[in-house]
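Please read the following report alongside the sequence and the coordinates.

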Amino acid sequence: VEAMWELKVAQSNNTARFLYQPFVPVFRYTRLYQLLQKLLVVFTAVFVIRAGSVNPIWFALIAGLVIHVISFIWLAARRPFIHTFENGIALLMEFALTGSMVCAVMLLMDYDVPHTALVVIIILNGTLPILAIIIAIVLEWSRRKSKEEQEREEQQAAFEEEMAKREQEDNDREMAESLHHQEQQAAGVHQPHSPSESY
């Protein structure tokens, strides 16, 4: 089913196919869920309403942490991407974002966060998006190349089939002409001679 879905999506001319192309058919709306997740994080971080004595920074951090933890659990349980390494990249990214939220909460609570953890989180947040872009470019290039090779093979197979069909038609025509010629010769041999031909 996934192979058929991927083939149909690859052959589609829909300009919005990038929204559902990387996902299995059941989770084809995952991109919209991810956009909703980012909207919620931005909303809680920027547009949250101050509620009494609740610190908006605390509210934003805790809300972001909860959102990323839920997203991480959902990605780990569902694996919505077609390719395994894309699921791995998405899980690593969610892990890095969750780690960032945890570190932010710890810093806000005046806990001493190890510098190693901060460096790892910063590196993951900086390198994973770049790595994801590189992988997406390589994947798109390989898909186009495989598609071109498949089209070339199909054209070659169609050409060979057409040539074989023509060769078979030529052989059948030659055989029919040969049989017709033999029949004519046989009819000429067995044809009775007229009396005038005996003198």
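In which helix is Gln37 found? Gln37 is found in helix H2, where helices are DSSP runs of H or I with at least four residues, strands are runs of E with at least two, and both are numbered from the N terminus.

This is a predicted model, in which local features need pLDDT of at least 70 and side-chain atom pairs count only at pLDDT 80 or more, while totals for chains, interfaces and linings use all residues. Residues are numbered from 1 along each chain as its sequence is written, and side-chain values use heavy atoms, with hydrogens and water left out.

**Overall description**

The protein chain has five helices and zero strands, and its pattern along the sequence reads α-α-α-α-α. Of its 199 residues, 23% are buried; buried means under 20% relative accessible area, exposed over 50%, and partly exposed in between, with a 1.4 Å probe and protein chains only. The chain exposes about 15,000 Å², of which carbon and sulfur atoms supply 65%. Accessible areas come from the Shrake-Rupley method with a 1.4 Å probe, and for residues only the protein chains shown count as cover. Among contacts (heavy atoms within 4.5 Å) with a separation of 6 or more, 60% join residues 24 or more positions apart.

The mean pLDDT of the chain is 79, and 84% of the residues reach 70 or more. pLDDT is the predictor's confidence in each residue, from 0 to 100. Where pLDDT is low, the predicted coordinates should not be read in detail.

**Helix packing**

Two helix pairs are described here. Axes are lines fitted to C-alpha atoms, for helices over the stretch in contact, and angles run from 0 to 180 degrees between N-to-C directions.

| Pair | Axis separation | Angle | Handedness |
|---|---|---|---|
| H2 and H3 | 8 Å | about 165° | left-handed |
| H3 and H4 | within 9 Å | roughly 155° | left-handed |

The axes of H3 and H4 cross at roughly 155°. That angle makes H3 roughly antiparallel to H4; angles under 35 degrees count as roughly parallel, over 145 as roughly antiparallel, 65 to 115 as roughly perpendicular and the rest as oblique. The crossing of H3 and H4 is left-handed, a term used if the near helix is turned anticlockwise from the far one by less than a right angle, with clockwise giving right-handed. On the H3 side the residues in contact include Ile57, Trp58, Leu61, Leu65, Phe72 and Leu75, and on the H4 side they include Leu91, Phe95, Leu97, Met101, Val105 and Leu108.

Helix H2 (residues 30-46) packs against H3 at an angle of about 165°, and the two are therefore roughly antiparallel to each other. From H2, the contact is made by Thr30, Gln37, Leu40, Val41, Thr44 and Ala45. Their partners in H3 are Phe59, Ala60, Ala63, Ile67, His68, Ser71 and Trp74.

**Single residues**

Is Gln37 buried or exposed? Gln37 is buried, because its relative accessible area is 9%. Leaving aside neighbours within four places in sequence, Gln37 is in contact with Ile67, His68, Ser71 and Glu94. His68 is also listed among the H3 residues that meet H4.

Met93 lies in helix H4. Not counting residues up to four places away in sequence, Met93 touches Asn125, Leu128 and Pro129.

Leu131 is placed in helix H5 and counts as partly exposed at 37% relative accessibility. Its C-alpha atom is separated by 8.5 Å from that of Ile89, 42 residues apart along the chain.

Arg79 has a phi of about 50° and is found in the loop between helix H3 (56-78) and helix H4 (84-108). Arg79 counts as partly exposed, at 41% relative accessibility. Asp110 has a phi of about 65° and is placed in the loop between H4 and helix H5 (115-189). With a relative accessible area of 71%, Asp110 is exposed.
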